[in-house]
Amino acid sequence: MAHWLVKSEPEAYSWQQMQKDKKTGWSGVRNYQAANNMKAMKIGDTCFFYHSNEGKEIVGIVSVSKLYHPDPSDEDGKFGMVEMSAGKSFKTPVTLAEIKVHAKLKDMAFVKQSRLSVSPVTADEWKIICGLGGVK
DNA sequence: GCCAACGTTGGC
DNA sequence: GCCAACGTTGGC
């Protein structure tokens, strides 16, 4: 099973909203690299849910509940979307500042490419961050 | 609010 | 197909 990190601005779509919705279509991605990452997702893959701009912290876990399929909101038909289901909330959000000073986490893809909205997470990084966040 | 990083667009 | 100009993202 693979792991990922997805970003969302709380103003656009917050973790609170995600939990309320239970599941949501992850549409609106208009970046090829991010779209390629979504294409590689399998049902049951888990993703960290990161709040960008406001908060700048990982607040919970979601899982892939529908594979990559065309995004109806993309008129050109170039980009697709997946569906995410809400999972556990972090007991303690893991902040970007924390990640940046952690020897094992500071080279994470989403730190290095701050503009990429969907990025891969290694098994090690997954374990460490779950530990910091207080979830298993 | 500013600015760096980076992806995209369009002229040649 | 290259590259300059421009727009967007996101951290600070």
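In this predicted model, strand E4 (residues 57-70) pairs with strand E5 in the antiparallel sense over nine bridges. Strands are DSSP runs of E of at least two residues and helices are runs of H or I of at least four, both numbered from the N terminus; two strands count as paired if DSSP finds at least two bridges between them. Within this pairing, Lys-66 stands opposite Glu-83 in E5. E5, which spans residues 80-95, also pairs with strand E2 (residues 23-26), again in the antiparallel sense, over four bridges. There, Thr-24 has Met-84 of E5 as its bridge partner. Because the model is predicted, local features need pLDDT of at least 70 and side-chain atom pairs count only at pLDDT 80 or more, whereas totals for chains, interfaces and linings use all residues. Residues are numbered from 1 along each chain as its sequence is written, chains are lettered from A and ligands numbered from 1 in the order in which they are written, and side-chain values use heavy atoms, with hydrogens and water left out.

Around DNA strand C are Lys-7, Glu-9, Tyr-50, Asn-53, Lys-56, Leu-96, Lys-100, Ser-114 and Arg-115. By class, this surface has five charged, two polar and two nonpolar residues; Asp, Glu, Lys and Arg count as charged, Ala, Val, Leu, Ile, Met, Phe, Trp, Tyr, Cys and Pro as nonpolar, and the others, Gly among them, as polar. Sugar or phosphate accounts for 74% of the atoms of DNA strand C within 4 Å of the protein, and bases for the rest. Arg-115 places a polar side-chain atom 3.0 Å from a base oxygen of DNA strand C.

DNA strand B is surrounded by Asn-31, Tyr-32 and Arg-115. Of its atoms within 4 Å of the protein, 50% belong to sugar or phosphate and the rest to bases. An N or O atom in the side chain of Arg-115 is 2.2 Å from a base oxygen of DNA strand B.

Seven aromatic pairs were counted, with rings of Phe, Tyr and Trp (its six-membered ring) paired if their centres lie within 6.5 Å, and with planes under 30 degrees apart called stacked, over 60 edge-to-face and the rest tilted. One of them is the tilted pair of Trp-15 and Phe-49, at 5.1 Å centre to centre and 50 degrees between the planes. This pair links distant parts of the chain, as Trp-15 is in helix H1 (residues 15-21) and Phe-49, 34 residues away, is in strand E3 (residues 46-51). Trp-15 is buried at a relative accessible area of 3%, and Phe-49 is buried at 0%; buried means under 20%, exposed over 50% and partly exposed in between (1.4 Å probe, protein chains only). Tyr-32 and Phe-79 form another tilted pair, with 4.8 Å between centres and 35 degrees between planes. Tyr-32 lies in helix H2 (residues 32-39) and Phe-79 in the loop between E4 and E5, so this pair ties together parts 47 residues apart in sequence. Tyr-13, Trp-15, Trp-26 and Phe-49 form one aromatic cluster.

Methods:
Near = heavy atom within 4 Å. Polar contact = N/O pair within 3.5 Å; in protein donor to acceptor, adjacent residues only side chain to side chain.
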